[in-house]
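Please read the sequence and the 3D structure below.

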Amino acid sequence: MSESSVSVVKVIRCIVCPTGCQIQAIPKGSDIVFEGYTCERGLEYAKQEFYEPKRILTTTVRVEDGFLPLIPVRTDKPILKDRLREALNEIAKTVVRAPIKMGDILIENILELDSNLIASRDLAKL
Ligand code: SF4
C-alpha cells in the first residue's frame, strides 16, 4: 500500500522511552493496526492510548488548619482521560485537614477508578 493511500486515524508519540517513536493507528477492514513502533512496550502503549487513554491527574485540594490553604495532589495511578473532569469536580468538593504527610491518601479509590488521590508534599498545621 502506498503512503498516500494509507488513512491514519491517529498518530501517537510513544513516551515509554526517550526514543519517542511515532506510531500510526491505521484502519484495516474492521480492525485497527499499529505501525511505527519499535518494541512491544510501544505497541502496548499505543493500544492503551488509542482505545483507553489514561493520565495522572495533578491538581490542588483545599486545606483546613494548614499553614497553606491548598495542597498539591496527584493520583497514584493514571486514570481514564474521559473521567478527568468528573474527578476534578469530586476533588473540588473535598477539604482536608492539616497536618498532612506527602503520600497520604486524601481520597481513596477516587470515582472507583482504581487510583487514590495522594498528597504531593507535607503540609504542617497552622
Ligand atoms: S516504541 Fe519502544 S523504542 Fe519506540 S519510543 Fe516506545 S518504548 Fe521506546
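Ala, Val, Leu, Ile, Met, Phe, Trp, Tyr, Cys and Pro count as nonpolar, Asp, Glu, Lys and Arg as charged, and the others, Gly among them, as polar. This is a predicted model, in which local features need pLDDT of at least 70 and side-chain atom pairs count only at pLDDT 80 or more, while totals for chains, interfaces and linings use all residues. Residues are numbered from 1 along each chain as its sequence is written.

Q: How many residues of the shell around the ligand are nonpolar?
A: A residue is near a molecule if its C-beta atom, placed from the backbone, lies within 6 Å of it. The residues around the ligand are Cys14, Val16, Cys17, Thr19, Gly20, Cys21, Tyr37, Thr38, Cys39, Arg41 and Gly42. One of the shell residues is charged, four are polar, and the nonpolar ones number six.

Q: Which residues of α1 are buried?
A: Helices (H or I, at least four residues) and strands (E, at least two) are DSSP runs, numbered from the N terminus. A residue is buried if 20 or more other C-beta atoms lie within 10 Å of its own, exposed if 12 or fewer, and partly exposed in between, with C-beta atoms placed from the backbone. In α1, the buried residues are Gly42, Tyr45 and Ala46.

Q: Why are the buried residues of α1 on the same side?
A: The residues in question are Gly42, Tyr45 and Ala46. They lie on the same side of α1 because the arc they cover around the axis, taken from the directions from the helix axis to the C-beta atoms, is only 100°.

Q: Is Lys54 buried or partly exposed?
A: Lys54 belongs to strand β4 (residues 54–55). Leaving aside neighbours within four places in sequence, Lys54 is in contact (C-beta atoms, placed from the backbone, within 7 Å) with Gln48, Pro78, Ile79, Leu80 and Lys81. Lys54 has 18 C-beta neighbours inside 10 Å, so Lys54 counts as partly exposed.

Q: Where is Pro99 found?
A: The peptide bond that joins Ala98 to Pro99 is cis, with omega near 5°. Pro99 is in the loop between β8 (95–97) and β9 (105–107).

Q: What is the phi of Asp114?
A: Asp114 sits in the loop between β9 and β10. Asp114 has 13 C-beta neighbours inside 10 Å and therefore counts as partly exposed. Its phi is positive in a residue other than glycine, with a value near 65°.

Terms used. Two residues are in contact if their C-beta atoms, placed from the backbone, lie within 7 Å.
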